[in-house]
Amino acid sequence: MFDATEQINAVQRKVGSRTLEAGEARVTTISQTYQATVEDLWDACTSAERIPRWFLPISGDLRLGGTYQLQGNAGGTVESCEPPHRFTATWEMGGEVSWIEVRLTPIDDERTRFDLDHIAHVDQDRWAQFGPGAVGVGWDLGLLGLASHLAGDGSGITPEQGAEWTASDEGRRAMELSSQLWCEASIAAGTDADEAKAAAERTTAFYTGAPAA
């Protein structure tokens, strides 16, 4: 049986920064090691036929220089592609542009580490309001879908079940745990503990619909 809490705990999270041409950017990193070959994981992350099985319906031209659009979510341009190990793309939504970098690293013949950096210029007020969990909880849900897909035994959570599941008690608990763990990553990166906890409460309320304290 697929255990969402176990999956959330299997993820590693890190908060950092990176200097871009336009200035300092925030970097939210989410990582997990999967029981999958690097070729299979690359296919799951880049195939227009497989992405909708664990994430969202996608359209576009998924190649270097091509554009993509995730249904009801972000779109962008593929800026680099080094199969089966790395790709980067813009992440454009709501008139704002950020970037994602996905890296796949074989651990052995049967296991591969997945790392995703979400790189964004975020103003201090918005960061103080929600912290890294604003995007981090969403990526946790994405990796939960990917883990379900790779399990391949029908025990996971499909995209079709996603909306119902996130409204369930199990779904809310998973999002609360994700928000809490992103709070811990923020504190580890140097954020004041009280500020990080307040931001996490607001993020949890946003995702679960529960009122913030």
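This is a predicted model: local features need pLDDT of at least 70, side-chain atom pairs count only at pLDDT 80 or more; totals for chains, interfaces and linings use all residues.

**Reading the sheet and its pockets**

Modeller: Gly75 stands opposite Glu92 in strand E6.

Colleague: In what order do the strands of the whole sheet lie?

Modeller: The sheet is open and has eight strands, in the order E1-E2-E8-E7-E6-E5-E4-E3, with antiparallel pairing. Strands E1 (12–20) and E3 (58–60) stand at the edges; each has a single partner strand, so one side of each is left without a neighbour in the sheet. On average, neighbouring strands are turned by 25° against each other, direction ignored.

Colleague: How should I picture the side chains along a strand?

Modeller: In a regular strand, the side chains alternate between the two faces of the sheet. As for what packs on this sheet, helix H5 (residues 133–151) touches E1, E2 (23–34), E6 (86–93), E7 (96–106) and E8 (112–120). The direction of H5 makes about 25° with that of E2. Helix H7 (residues 169–188) also packs on the sheet, touching E1 and E2, and its direction makes about 50° with that of E1.

Colleague: How many bridges join E1 to E2, and how many residues does their hairpin have?

Modeller: Nine bridges pair E1 with E2 in the antiparallel sense, and a hairpin through two residues joins the strands. Within this pair, Arg13 stands opposite Ile30 in E2.

Colleague: Which residues face one another in the pairings of E7?

Modeller: Strand E7 runs antiparallel to E6, and eight bridges join them; there, Met93 stands opposite Glu96 in E7. Strands E7 and E8 likewise pair in the antiparallel sense over eight bridges, and the partner of Leu104 in E8 is Phe114. The hairpin of E7 and E8 has five residues between the strands.

Colleague: How does one find the empty space in a model?

Modeller: Rolling a probe the size of a water molecule over the atoms shows where empty space is left. In this model, the largest pocket has a volume of about 1,400 Å³. The pocket is lined by 45 residues, of which Asn73, Ala134, Val135, Gly138 and Tyr207 lie nearest its centre.

Colleague: Which element gives the largest share of the lining of the largest pocket, and how do its residues divide by class?

Modeller: Helix H5 gives the largest share, eight residues. By class, the lining of the largest pocket divides into 25 nonpolar, 16 polar and four charged residues.

Colleague: What is the volume of the second largest pocket, and which residues lie nearest its centre?

Modeller: The volume of the second largest pocket is about 370 Å³. Its lining has 24 residues, and Cys45, Thr46, Ile51, Phe87 and Ile100 lie nearest the centre. Helices H2 (38–46), H3 (51–54) and H5 are among the elements that each supply at least two residues of this lining, as are E4, E5, E6, E7 and E8. The lining of the second largest pocket has 21 nonpolar, two polar and one charged residues.

Colleague: What does the UniProt record list for this chain?

Modeller: An unreviewed UniProt entry lists residues 36–148 as "domain: Activator of Hsp90 ATPase homologue 1/2-like C-terminal". Over residues 36–148, the chain is 32% helix and 38% strand, and the end C-alpha atoms are 12 Å apart.

Notes
Residues are numbered from 1 along each chain as its sequence is written. Side-chain values use heavy atoms; hydrogens and water are left out. Two strands pair if DSSP finds at least two bridges between them. Helices (H or I, at least four residues) and strands (E, at least two) are DSSP runs, numbered from the N terminus. Axes are lines fitted to C-alpha atoms, for helices over the stretch in contact, and angles run from 0 to 180 degrees between N-to-C directions. Contact means heavy atoms within 4.5 Å. On a 1 Å grid over the protein atoms alone, a cavity is a set of points where a 1.4 Å probe fits but cannot get out, and a pocket is an open set with protein on both sides within 12 Å along at least five of seven lines; lining residues have an atom within 4 Å of a point. Grid points are joined across faces, edges and corners, and a volume is the space filled by probe spheres set on the points. Ala, Val, Leu, Ile, Met, Phe, Trp, Tyr, Cys and Pro count as nonpolar, Asp, Glu, Lys and Arg as charged, and the others, Gly among them, as polar. UniProt positions are given in the numbering used here, feature names are shortened, and annotations may be inferred rather than shown by experiment.
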